[in-house]
Amino acid sequence: MNSTRTRRMAGLAVLAAVVLLVAAIGGVAIFSPGEDPGPGPDSDSGASDHEQNGLESDIPEEDRPADPSTTETIGYVDGYWYDDELPVDDREDAVVESDELDAVVARSMARVELIRNLTFQDEADVDVISREEYQTEHGDMFANVTGDERLQQNVNYEALFMVDRETDATEAFESLYGGAVDGFYDPVTDEIVLVSDSPDSPELDEVVLGHELLHALQDQHFDLQSYDRETIDQDNAKNGLIEGDAVWVDTTYEQRCEADWDCLQPTRTPPAADDLNWGLYLTVYQPYDDGPDYVDYLLGQGGWDAVDAAYDDPPASSSEVIRPGDDREPTAIEIEDRSTEEWTQLELDGDDVATESVGEAGMVAMFAGGAFDDMRPTVLEQADILGSGMGYEFDHAITDGWAGDELVTYVATNDGETADDVDDTGYVWQTEWASDEDAAQFADAYTELLELYNGDQTDDSTDTYVIDDGFPGAYHIDQDGETVTIVRAPTVDDLDAIDAGAVPGSADAPGSNSISTDSTTAGTPDDQEGAVLAGLDPGFGTVTAVFVSIALVGTGGWLVVRRTRTRSRVHSSPPGSASHGARHAVAVAKPTKL
């Protein structure tokens, strides 16, 4: 185990609940569980005599065991059944005194058990703190980034046309969340911290509590720290299961609160969405939107047993969450370094190269970033994103053939020193597609995006564009069969310096973007996992894996915030070798678009 992985596993993994407004433009997704996902797994808990029907059935008094157990009896925790009445139920507000908290937590745990048909194996410690105390003790959990990490994220989100040159990506994500953290779960200490704006008489939101308890339950049974979440796409894929499970459960919890449970639910005012960055928002929201449908699909396949089994074989890509039942194992890509001595691949943590995989969900967010923002151009229109039902539509022809992608950041060098300013950066972004036609659709859509941002074609190449403002630089797009490669540099001359042969007419141009037919499967070695960024933004920090929950218009969720994947540097072949001038890529079966 190398140092990167060691520090990553030792890092604090946090699940935090924050409030985020889904703008009133439309498309708000409040998931309603299916009517009949099938019965839950059998148990000796007394719960086997009642059916799980999507909005879980009650357990009649006569079916409850005479000697219930916290670890064996579903719907019962530490002396409290899920439907027990508590003194706090009679209050008009949601204030909970310190000597009442344990009872509220125990009942909430029992309710989560009943919905999820799974028992807690250990108690969950819950602490309520003031927002001031949170800022003092935990406020830096969302800003722990190094200069190189910040630089890479700025390049990544510029490539997606989500954060322009004048905006810092870290700050953009902090603005997205607005600092409205309502609580978090720390799987290292098994502690849930709830944040209150009224520390003298703290109010407790039982649905938020139930949401964090659900993550504690997941962690006890499935070890949430064990999943690889090193890229945007890995985050969205794993969150499709984890967050889908959470949203499914806490939505049911809230429905029961509205129907027949007494629940603590303070009045909450979400932050305004006047300056919402829709590209970033749609990127992180996709698992909340598609995840519950993914879990509903699993429930239809085999009830909660099927959901539990999915934790041993979670989705491999966001594409699998967008289309439940569609096997989309991503193609492995490893971009060969073909830069001159004036440029080098950005390194994080020694000799590891910082890379990113955006995935289908991130690409949809890129093309839809201006759909709800009059100040930004857009490829996908608002009607395309809203679809015909509730929520947002992430299944689109221009991205549904995604088979894999890798984006590598480059920085300029001067006398052996690497630049630390985004003005002196570039990237190579290689994408793989299920067919030539899919690749062409993506290339056309990205070209349209360049033109929408006032990209002008150069005289020498119809596939090379220059943008002066906002997202400045020279861009070259090349399609070679099922592969589309995008190179961005400060100037047209720098394109070839970053990726030899990128500019047509250069010495290395012939075959420069072809795929080696005899290349071996390439991928990130298991012992070289990437650093996990600690930040409100998906993709910050090297030591801490931060899992963030978002309460979205009455429905909860948690979002793992990571993103910087690293791998060993792949040096280019020496001039004159058989492979010189050909980019090495994957040699694995590509998914079939359904």
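Which residues form one aromatic cluster in this structure? The members are Phe161, Phe367, Trp429, Trp433, Phe442, Tyr446, Tyr453, Phe471 and Tyr475. Good morning, colleagues. Please keep in mind throughout that the structure shown is a predicted model.

The protein chain has 594 residues, and 61% of them count as buried. Its secondary structure comprises 13 helices and 21 strands. The chain exposes about 22300 Å², of which carbon and sulfur atoms supply 43%. If we take the contacts between residues at least 6 apart in sequence, 75% of them join residues at least 24 apart.

I now return to the aromatic residues. A pair of aromatic rings is described by two quantities, the distance of the centres and the angle of the planes. The count of aromatic pairs comes to 25. One of these is formed by Tyr82 and Trp261, with 6.2 Å from centre to centre and 55° between the planes, and this pair is tilted. Tyr82 is found in the loop between β3 (80-81) and α2 (101-116), and Trp261 in the loop between α7 (232-259) and α8, so the pair ties together parts that are 179 residues apart in sequence. Both Tyr82 and Trp261 are buried.

A further pair consists of Trp278 and Phe372. Their ring centres are 4.4 Å apart and their planes stand at 35°, so this pair, too, is tilted. It links distant parts of the chain, since Trp278 belongs to helix α8 while Phe372 sits in the loop between α10 (359-367) and α11 (382-386), 94 residues away. Trp278 and Phe372 are both buried.

Aromatic rings can also be found beside a charged residue. Arg64 lies over the face of Trp81, at 4.6 Å from the ring centre.

Where does Tyr311 lie? Its place is the loop between α8 (278-310) and α9 (318-322). Why does Tyr311 count as buried? Its relative accessibility is 3%, and the cut-off for a buried residue is under 20%. Leaving aside residues up to four places away in sequence, Tyr311 touches Arg116, Gln218, Phe222, Tyr227, Leu241, Ile242 and Asp245. With Ile242, the separation is 69 residues in sequence and 8.3 Å in space, C-alpha to C-alpha. With Asp245, there is a polar contact of 2.7 Å between the side chains.

Strand β15 (residues 464-467) and strand β16 (residues 473-480) run antiparallel and are joined by four bridges. Within this pairing, Tyr465 has Tyr475 in β16 as its bridge partner. Tyr475 has already been mentioned as a member of the aromatic cluster. The hairpin of β15 and β16 has five residues between the strands, and in it Gly470 takes a positive phi near 85°.

How many bridges join β16 to β17? There are seven, and strand β17 (residues 483-489) runs antiparallel to β16. Here the bridge partner of His476 is Val487 in β17. These two strands form a hairpin with two residues between them, and Gly481 in the turn has a positive phi of about 65°. As you look along these strands, recall that in a regular strand the side chains alternate between the two faces of the sheet.

Thank you for your attention.

Notes
Residues numbered from 1 in each chain as written. Predicted model: local features only at pLDDT ≥ 70, side-chain atom pairs only at ≥ 80, totals over all residues. Heavy atoms only, no water. Buried < 20%, exposed > 50% of the residue type's maximum accessible area, 1.4 Å probe, protein only. Contact = heavy atoms within 4.5 Å. Polar contact = N/O pair within 3.5 Å; in protein donor to acceptor, adjacent residues only side chain to side chain. Phe/Tyr/Trp six-rings, centres within 6.5 Å; stacked < 30°, edge-to-face > 60°. Lys NZ or Arg CZ within 6 Å of the ring centre and 35° of its normal. Pairing = 2+ DSSP bridges. Areas by Shrake-Rupley, 256 points an atom, 1.4 Å probe, with all protein chains shown as cover.
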